[in-house]
Amino acid sequence: KRALEIAAAGGHNLLMVGSPGCGKTMLAKRFPSILPPLNFEESIDVSKIYSIAGLLKNGLVSQRPFRQPHHTISDIGIVGGGAIPRPGAISLSHHGVLLLDEFPEFDKKVLEVLRQPLEYGEVTISRAMLSLTYPSRFSLIAAMNPCPCGFLMDENKECRCKQTQIDRYWRKLSGPILDRIDLMIEV
């Protein structure tokens, strides 16, 4: 809980590593509840994005966005795009939370397109005839198992992974992506 409080207070990205069922996802889903409410300017920003995406309902967005895309999402789904580029999951998370559960299971290309938005707080989508920039300042909360079977750190179940499998699993996360995650905790 302390790591989540620090992440919320400082706007830090967080990676939680732990065995299946230890509560990583549950904690991540509760993260928005400890964030401050949207102020008026943030509410306007988020509402603009949701309006462009066709998701605005009943006036201004008043809750911080929380997006949890499945690990099968495409790079276009995460960044945005289309013939007329629409916001993707990262822009829909602006001023809120993007939860990437089973972090290493996301396609490497999807993880790599997070680099620019995490670094600069915006994403630019370029097409032949136009280029659009959407804001994308969000808190990334990522969760993953410590190994492919999930039980490397478990006190009750034995890990059956070989070291080469564990190394391959962790190599799915590039150094530049891990560099943009401020806090990493064992759950």
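What follows moves from the overall fold to the salt bridges.

Keep in mind that this is a predicted model. The protein chain is built from nine helices and nine strands. Its radius of gyration is 17 Å, close to the 16 Å that the globule rule gives for 187 residues, so the chain is as compact as a globular protein of that length. Along the principal axes, the C-alpha atoms occupy a box of roughly 50 × 40 × 25 Å.

Now look at how the chain packs. Among contacts with a separation of 6 or more, 70% join residues 24 or more positions apart. Of the 187 residues, 44% count as buried. The chain exposes about 10,100 Å², with carbon and sulfur atoms supplying 52% of that area.

Next come the charges. There are 22 positive and 19 negative side chains, and the centres of the two sets lie 5 Å apart. Four salt bridges are counted, and three of them are worth a visit here.

Start with Glu42 and Arg64, whose closest N and O atoms are 3.1 Å apart. Glu42 sits in helix α3, while Arg64 belongs to the loop between α3 and β2, 22 residues apart. Both Glu42 and Arg64 are buried.

Lys109 and Asp75 form another salt bridge, at 3.4 Å from N to O. Because Lys109 lies in helix α6 and Asp75 in helix α4, the pair ties together parts that are 34 residues apart in sequence. Lys109 counts as exposed at 51% relative accessibility, whereas Asp75, at 22%, counts as partly exposed.

Finally, Arg115 bridges to Glu112, with the closest N and O atoms 2.7 Å apart. Arg115 is partly exposed at 31%, and Glu112 is partly exposed at 21%.

Methods
Residues are numbered from 1 along each chain as its sequence is written. This is a predicted model: local features need pLDDT of at least 70, side-chain atom pairs count only at pLDDT 80 or more; totals for chains, interfaces and linings use all residues. Side-chain values use heavy atoms; hydrogens and water are left out. Helices (H or I, at least four residues) and strands (E, at least two) are DSSP runs, numbered from the N terminus. The radius of gyration is taken over C-alpha atoms; the globule rule is 2.2 Å times the number of residues to the power 0.38. Buried means under 20% relative accessible area, exposed over 50%, partly exposed in between (1.4 Å probe, protein chains only). Contact means heavy atoms within 4.5 Å. Accessible areas come from the Shrake-Rupley method with a 1.4 Å probe; for residues, only the protein chains shown count as cover. Lys and Arg count as positive and Asp and Glu as negative; His and the chain ends are not counted. The place of a charge is taken as NZ of Lys, CZ of Arg, CG of Asp or CD of Glu. A salt bridge is a side-chain nitrogen of Lys or Arg within 4 Å of a carboxyl oxygen of Asp or Glu.
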